[in-house]
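Colleague: I have some questions about the terms you use for this model. Please set each value against its cut-off.

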Amino acid sequence: MFGNPGSTELPMLRDFPDDFRYLLALQEAVAVGMADGYAQASGTVGHVNLHTAPGVGNGMGAIFNAQANHTPLLVTAGQQVRGLVTLQANLTNRDATRMPHPLVKWSYEPPRPEEVPLALGRAIHLANAPAKGPTFVSIPMDDWDADAPPGDSEHVLAREVASRQGPDPEAIESAATALAAASAPVLIAGPDIDASGAWDLAVELAEKQGLPVFAIPATGGGRIGFPEGHANFRGVLPPAIGPVSETLKGHDLILVVGSSVFPYYPNIPGPLLPEGAALIQITSDPDEAARAPMGRAIVGDVKLALEDLLTRVEAAHRDPGEPLPEPVAGEDADPITGTAAMHALRGAFPDDGIVILEAPSATLALRNQLRLSRPGSYYFGAGGGLGFGLAAAVGVQIAQPDRPVVCVVGEGSAQYAITALWSAVAYEVPLTVLVLRNSEYAILKWFSAIEQVEGAPGLDLPALDTAAVATAYGVRSTKVDTADELGDALTHAIASPKPELVEVGVAPGMWLF
Ligand SMILES: Cc1ncc(C[n+]2csc(CCOP(=O)(O)OP(=O)(O)O)c2C)c(N)n1
């Protein structure tokens, strides 16, 4: 249980059981982000407990991210005692279930204290059902004094819900037929390939069919669905409508697996599909299927769908094209470029490392330099709400204690969840944080040009000393300037059994390679 407690939650925490662990975050958005990272990296339902209305309010941006990430998450919050809600005593959440409403799959306050266990069970199973996402239960604080009817809790605890749903076999058969008939099909790999455990199947399909593979646009993909060092990998799709269809020109069948179609941003209009192309989407999320603006969709668990599809397609001898060139460090500069910084990270990055990324102007540089190629190695806030990075990195490292975790974060982004550093120290989480300091909101300056906005205030971050702040939280921090220093500092930090932070100055700009 991740959380930040208040008086309305204390009764829930009374006699805290030995077989649970409570991990304190100093602000609710951080508690939710930690639980999100933990849930995704452990493959279980995460639990975060928030402080009545203001705690839920603080957590909502992070719940938005969890929804976009398809993270199975139970969010609970305390509430005033039942007898004081109507007169609205202090800390009453006056409309508890409506508050997080559009961000959760189910929002509930049990009508009677006796129903709390069943409500929690329902919320957990629903969070874990496709499409996975957060659910919310508000619990009046005096409910913890009541007993559930004899036997009820035992039944709730013993329940299991097998919620994977297979796809329509006829639809998979017609996808197989379309693949066989296509002359230049392409696979677009989405985050739910990784989340559903279908990584090897996606590789098998690409190899068997000779498919070139793109990753979905980086801004909307919370996980990587295909090894980016694989010979069939062609790169990350650009994020906007026109450029996506431009990139996919020449393909007659676009098979999108485990993603929405597509997480577009910003608005660069164009045709939805290249001339003559058909699109088939496989997704576990009925809403992703329904809202796609073009193509055919098959709803079902991605792993089950790929297993089925693989039994129905023959090997095809297509040429997936030339592998991507090896990444290069690029030009020398002072301060170093974002590309050079990511190249230095590449040199220090262990094979089994995990990246949590929230460095907007270096997002593509990291993807292109690191070419992450193992499952469960990449987490990104698909909702776009800053604050996911540092918080989720703590949760991921707790879930994956044996894999080195590196959080790559812009100095602006780091501030939204900076208190996560305290939790990393308090719970001895041996995370490495790489802060890219360019003294501005670089991505917003880039967007200003695209949106033809001149003279916008509030885009500079002079004199923001993240390393000093980290030191105050008890994190050993190092500041470096050159690529060599960065490589050495990262190697040391990644090997350290404690949380470490490395801050490097980088030139402002957008770093694409
Ligand atoms: C919660 C939230 N508030 C504001 C934004 C808008 N926003 C997007 S990127 C960005 C700047 C990020 O700055 P930094 O981390 O320093 O990265 P850089 O752009 O310099 O690479 C901001 C403020 C957001 N995405 N989320």
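**Strands, charges and bonds**

Modeller: I will start with a pairing: strand β3 (residues 46–50) and β4 run parallel and share five bridges. This is a predicted model, where local features need pLDDT of at least 70, side-chain atom pairs count only at pLDDT 80 or more, and totals for chains, interfaces and linings use all residues. Residues are numbered from 1 along each chain as its sequence is written, and side-chain values use heavy atoms, with hydrogens and water left out.

Colleague: What makes β3 and β4 a pair?

Modeller: Two strands pair if DSSP finds at least two bridges between them. Here there are five bridges, so the term applies. One of the contacts is G46 with its bridge partner L73 in β4. Strands themselves are DSSP runs (E, at least two residues), helices are runs of H or I with at least four, and both are numbered from the N terminus.

Colleague: Why is β4 called mostly covered?

Modeller: Buried means under 20% relative accessible area, exposed over 50%, and partly exposed in between (1.4 Å probe, protein chains only). In β4 (residues 73–79), seven of its seven residues are buried. In a regular strand the side chains alternate between the two faces of the sheet. In β4, one side holds L73, V75, A77 and Q79, the other L74, T76 and G78, and all are buried.

Colleague: How do you know that R312 and E173 form a salt bridge?

Modeller: The term asks for a side-chain nitrogen of Lys or Arg within 4 Å of a carboxyl oxygen of Asp or Glu. For R312 and E173 the closest N and O atoms are 2.8 Å apart, so the pair qualifies. It links distant parts of the chain: R312 is in helix α11, E173 in helix α6 (residues 169–181), 139 residues apart. E173, D308 and R312 are linked in a network of salt bridges. The structure holds 17 salt bridges.

Colleague: Why is R312 called partly exposed?

Modeller: R312 has 30% relative accessibility.

Colleague: What makes E228 and R367 a salt bridge, and are they buried or exposed?

Modeller: Their side chains meet at 2.8 Å, N to O. E228 lies in the loop between β8 and β9, R367 in helix α13, 139 residues apart. E228 has a relative accessible area of 2%, so it is buried. R367 has 5%, so R367 is buried too.

Colleague: Why is D334 called exposed?

Modeller: D334 has 78% relative accessibility, so it counts as exposed. D334 lies in the loop between α11 (302–312) and α12 (338–348). Its peptide bond to P335 is cis, with omega near -5 degrees. Another cis peptide bond joins P130 and A131, with omega about -15 degrees.
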